[in-house]
Amino acid sequence: MLHDHIIAQLLAQNKEWAQVVENTDPGFFERSAQGQEPKVLWIGCSDSRVPESVITASMPGVIFTHRNIANQCHHADDNINSVLEYAVGTLKIPHIVVVGHSKCGGVAHAWATAHDEHPHRFFANWGDLIPFVKAGSALERWLAPLTAIARAQPDLSVEELGIANVRAQVLGVIKSKVVKKAWEEDQELWIHGWEYDLATGHLRDLGIAFGPEGEVAETV
Amino acid sequence: MFYDHVLASLLANNKQWAADVHKAEPGFFEQCAKGQAPKVLWIGCADSRVPESVVTASRPGDIFVHRNIANQFHLDDDSALAVLTYAVEHVGVTHVIIVGHSQCGGAAACHAAAQSPAPASAPDAPLGRWLEPLTNLARDGNLGLEELVEENVRVQVRHIVESAVMRGAWEKGRDVWVHGWVYEIEKGMLRDLDVSVGREDVAA
C-alpha cells in the first residue's frame, strides 16, 4: 500500500514515546487505564499549531479536549453539547477554558466574508488550497455565527475579531443547559477565555471569566 | 477558589515550554505564525488520556485535530464536516485518521445501554442523541466492549469515505487516505486496524 512515510513515522514515534514514558515513570499507563480525572476542559481550535497538551507541557490525563474550527460553542450543536454534558455532568470538571489563537483561518474567512473581501491576503503562505468557503457548505454554516459577529462589529480587525470570538464563545458556554444546570446544583464550575499567540508560543488569560456568582472581575 | 492552581500551572508550564522551544529553535514560532501545512487530520476522542500530539511525539503544525465524545464522524454533523472540509480542501491534509481507544467512557456507556432493548422514545439530551448510533451498533452486533471500540472506528472510517469531501478529493485525483487506529491506554500504544482506504480503493 502506497502510503507516504508519515503514517509509519507517527506510529514509530508513538512506540518510542511509550517506551520513554514507561522507563521514566513505570506504571504510568497502567494507572492511566484506571480512569481519568482531568480538571480542565479545553475548547480550542482544530488548528495544527495549537495542540493543548504540547503547549502546556501536560501529560495524558490532564486536559479533556474538544477542538473544532475556530473554537466555537454553538447553541444547538450536539457535538459540543455532548462534550459539555460528559465533562461537566459525568467527570465534574471544574474549569472550562475556551482558547482562541492568533492567525485563525476560520476567523480570517469570517472577517473576509463580512467585509466582502477575498480572503487571499490572510493565506499568503503554505498549504491553503482553496481560498474561499463554498456557498451552501457545512463550513459556511459553521462559520455563519462568527461571520455575523464580524458584520455586527465591522471596525474590528481580524485579530480583534478573534478575541471578540473567544468572548462570544465563553458566553455561549455559560448559556448552555449543562452549565446552567451545574450552577443551579451548586457545582464548582468556572469558564475562562484564553488566547494563544502563535508568534510567541504564549497563552494569555484574557481576563474573561464566569463562575457560579456571575462574571468574575479579575482572574489572577 | 475559582482560580485554581491547575490553571496557573498550565500557564506557567506554557511559559516555560515557550522559552525552551525558543531557545532550542529560535525561529520556530515565527515560522508557525506564517501558516500551517499539516499532512494529517486526527479525529479522536475528547478523553484527556489521548492527546494526539503527545502520544505521537508531534510538534505544533503536524496534526490538524477534531476531538469529540467517542471519536464520532456523523454525516449530518456540521462541526465534524466543517473540520473535514477545512482540513482536506483548505489545508491540504493527505491522511485522515479516526482514532478510537480502550477504556473509552462513551463506548462503555453504549455497551452497557445495549444490554437492554432500545427505549421506546428517542433520547432527548445531546449526549444520548450523540451516542445513539454507537449504542445501536453495540446492540445490533451484540458486540463486546473491545469489539465495539474497533467496530466504531471502522464505521467512522466508512462515514468519512462516504463523505462528499472525500469523494470530491478523490474525483480530483488527490492522493488522500483514510485510516482507522486504536490507542491502547494500558500500553500507550497506537495500533493500525489496517482498514485504510485510498483513491484507488474507491470505485470510479
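A:Ser32 lies in helix 2 of chain A, which covers residues 28–32. The model described here is predicted. A:Ser32 is buried, because its relative accessible area is 10% and the cut-off for buried is under 20%. Leaving aside residues up to four places away in sequence, A:Ser32 touches B:Arg49 and B:Ile185. Both of these partners belong to chain B.

Chain A as a whole comes next. Chain A contains eight helices and six strands. Read from the N terminus, the order of its elements is α-α-β-α-β-α-β-α-α-α-α-β-β-β. The radius of gyration of chain A is 19 Å. The globule rule gives 17 Å for 220 residues, and the two values are close, so chain A is as compact as a globular protein of that length. The C-alpha trace of chain A spans about 55 × 55 × 35 Å along its principal axes. Of the 220 residues in chain A, 56% count as buried. Contacts in chain A were also sorted by sequence separation. Among those between residues at least 6 apart in sequence, 60% join residues at least 24 apart.

Two helix pairs were examined. Two packed helices are described by the angle between their axes and the distance between the axes. One pair lies within chain A: helix 6 (residues 138–152) and helix 7 (residues 158–174). The axes of these two helices come within 10 Å and cross at roughly 120°. That angle makes helix 6 of chain A oblique to helix 7 of chain A. The crossing of helix 6 of chain A with helix 7 of chain A is right-handed. Helix 6 of chain A contributes A:Leu146, A:Ile149 and A:Ala150 to the contact. Helix 7 of chain A contributes A:Leu161, A:Asn165, A:Ala168 and A:Gln169. By class, the residues of this contact are five nonpolar, two polar and no charged.

The other pair joins the two chains. The crossing of helix 4 of chain A and helix 6 of chain B is left-handed. On the chain A side, the contact involves A:Asp78, A:Asn79, A:Asn81, A:Ser82, A:Glu85 and A:Tyr86. On the chain B side, it involves B:Pro126, B:Leu127, B:Arg129 and B:Trp130.

A:Lys103 sits in the loop between strand 3 (95–101) and helix 5 (105–114) of chain A. A:Lys103 is not a glycine, yet its phi is positive, at about 55°. With a relative accessible area of 46%, A:Lys103 is partly exposed. B:Asp194 belongs to the segment after strand 5 (189–192) of chain B. B:Asp194 also is not a glycine, and its phi is positive, at about 60°. B:Asp194 counts as exposed, because its relative accessibility is 64% and the cut-off for exposed is over 50%. B:Gln115 is in the loop between helix 5 (105–113) and helix 6 of chain B. At 56% relative accessibility, B:Gln115 counts as exposed. B:Gln115 and B:Gln156 are 41 residues apart along the chain, and their C-alpha atoms are separated by 22 Å.

Note on methods:
Residues numbered from 1 in each chain as written. Chains lettered and ligands numbered in written order. Predicted model: local features only at pLDDT ≥ 70, side-chain atom pairs only at ≥ 80, totals over all residues. Heavy atoms only, no water. Axes fitted to C-alpha atoms, helices over the stretch in contact; angles between N-to-C directions. Helix = DSSP H or I, 4+ residues; strand = E, 2+ residues; numbered from the N terminus. Parallel < 35°, antiparallel > 145°, perpendicular 65-115°, else oblique. Left-handed = near helix turned anticlockwise from the far one by under 90°. Contact = heavy atoms within 4.5 Å. Nonpolar A, V, L, I, M, F, W, Y, C, P; charged D, E, K, R; others polar. Rg over C-alpha atoms; globule rule 2.2 N^0.38 Å. Buried < 20%, exposed > 50% of the residue type's maximum accessible area, 1.4 Å probe, protein only.
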